[in-house]
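Please examine the sequence and the structure before reading on.

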Amino acid sequence: MLVIRNIAQICTGPRGPVELCGELPVKKYTESAIGIEQDTIAWIRDDTEENIPKDSQILDAGGGCVIPGLIDCHTHTVFAGTREGEFVQRSQGKSYAEIARTGGGIKNTVEAVRGSSLDELVSLALPRLQRMLTLGVTTVEIKSGYGLTIDDELKMLRAVQRLNTLQPIKLVATYLAAHTTPKEFDGNPDGYLDLMLGQDVLDQIRSDGLAEFADVFCETTAFNVEQSRRFLLACKETGMTPRVHADQITQCGASQLAAEVGATSADHLERIDEASITAMKENGTIAVLLPACSFYLGVEQAPARRIIDAGVPVAIATDFNPGSSVVESLPLTMSIACTQMGMTPSQVLLATTSNAAAVLKRHDKIGAIEPNMQADLTILNVPSIEQMCYFAGRNCTQAVVKSGTIVHSQPNNQSISKPH
Ligand code: NIG
Ligand code: FE
């Protein structure tokens, strides 16, 4: 048995999804220890000598706070190339949409991904995931969407599958073939969707277990509502769960579509309107907000407070990608949610654990610290979630437990001792 002792505070929400309005269901245990048997949390008890089984391996939290392993439920972590030219253009006043319209943006990365082998994509993504792990992240969703041919989209999904075997973070894959229309299909988005919805592609995704979710960029510069609906329903038919990049640049009914097709989430929502918030509330659609993206693009944030007050469960993610958010740090993103969106540290914790787990349909297993849940735990070197969010940009993680195994511990950390 592995036992975590000397914890200032265990801070956790319940199993998601949870609303973030009113009194929050955050539990804070003090003077408690956590017992882990194999990959599962066995108990939370008073941290006293008689409560610790003989022969336990002890992980000394050194007076730090323990939270559920963080879950980044929206990323594009597999990509090649960089786009600092666009970063400079934006710093001179050009907008993200303008850059996309003039052939930059997503298409830029598509060229680089098409020119990279599966092995190259894997080697590029591996250090990114290793850095995420050291920041306390134990589950990451990764989308395709930079291949935009059958072979290149499958190559991206296979890269995610391979990465799952090479490092401790659990990766969840999403088929985002409907990210934008590639140049070969200029002016013919429907023809492109026909190709990417071919039965052979969908069969391969299903038989090889390559993607659990399907996603579309529903936007005036990408796919309209009708095209997005067609893509999502066809993928749903094959067993994938819909999600939507919605209301990011314009309001075109994208988050209402998410609600209509039973998507687990509508993501972005910078331009969401009241009718869409109501539709999401009525259909149980989770709002995934991406504050690091607005921060990075220098645009207005999604109206987090309005969405929260309407009772829609909110999750927070990095949107890590080479164009609109090169921020791979979920903790920094959490601090941005506090300072730029008016969310509290407790709300942000629930948004990156309980609710992020629900977006990925894993809330019966991860996202909360309670007996019988998978032992995914982040041990901070600060005593509270408030202090973690307050130290924006500092890495406050000292150790990470994934499925009951210590998979990361800060260099010089003296806290792991031999059997008790
Ligand atoms: O979530 N909005 C569309 N897709 C990504 C950005 C992709 C890119 O710019 O490479 C996003 O922001
Ligand atoms: Fe995205």
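Within what distance do the axes of helix α5 and helix α7 come, and at what angle do they cross? The axes of α5 (residues 150–166) and α7 (residues 199–207) come within 11 Å and cross at roughly 10 degrees. The model is a predicted one, in which local features need pLDDT of at least 70 and side-chain atom pairs count only at pLDDT 80 or more, while totals for chains, interfaces and linings use all residues. Residues are numbered from 1 along each chain as its sequence is written, chains are lettered from A and ligands numbered from 1 in the order in which they are written, and side-chain values use heavy atoms, without hydrogens and water.

**Helix pair**

- Helices (H or I, at least four residues) and strands (E, at least two) are DSSP runs numbered from the N terminus.
- Axes are lines fitted to C-alpha atoms, for helices over the stretch in contact, with angles from 0 to 180 degrees between N-to-C directions.
- The crossing angle makes α5 roughly parallel to α7 (angles under 35 degrees).
- I150, L154, L157 and R158 of α5 make the contact with V201, Q204 and I205 of α7 (contact means heavy atoms within 4.5 Å).
- By class, this contact of α5 with α7 comprises five nonpolar residues, one polar and one charged (Ala, Val, Leu, Ile, Met, Phe, Trp, Tyr, Cys and Pro are nonpolar, Asp, Glu, Lys and Arg charged, and the others, Gly among them, polar).

**Iron site**

- H74 (NE2), H76 (NE2), H245 (NE2) and D319 (OD) coordinate the iron ion (ligand 2) at 2.1 to 2.3 Å.
- Donors are N, O and S atoms within 2.8 Å of the metal (3.2 Å for Na, K and Ca); water is not among the atoms, so sites may look incomplete.
- The donor residues of the iron ion follow the sequence spacing H-x1-H-x168-H-x73-D.
- H76 lies in the loop between β6 (70–72) and α1 (84–91), and D319 in the loop between β13 (314–316) and α13 (330–341), so the pair ties together parts 243 residues apart in sequence.
- Both H76 and D319 are buried (under 20% relative accessible area, with exposed over 50% and partly exposed in between; 1.4 Å probe, protein chains only).

**Residue I277**

- I277 is placed in helix α10 (residues 274–283) and counts as buried at 2% relative accessibility.
- Leaving aside neighbours within four places in sequence, I277 contacts I272, R306, I307, A310 and V312.

**Residue V401**

- V401 belongs to strand β15 (residues 397–402) and counts as buried at 0% relative accessibility.

Methods:
Parallel < 35°, antiparallel > 145°, perpendicular 65-115°, else oblique.
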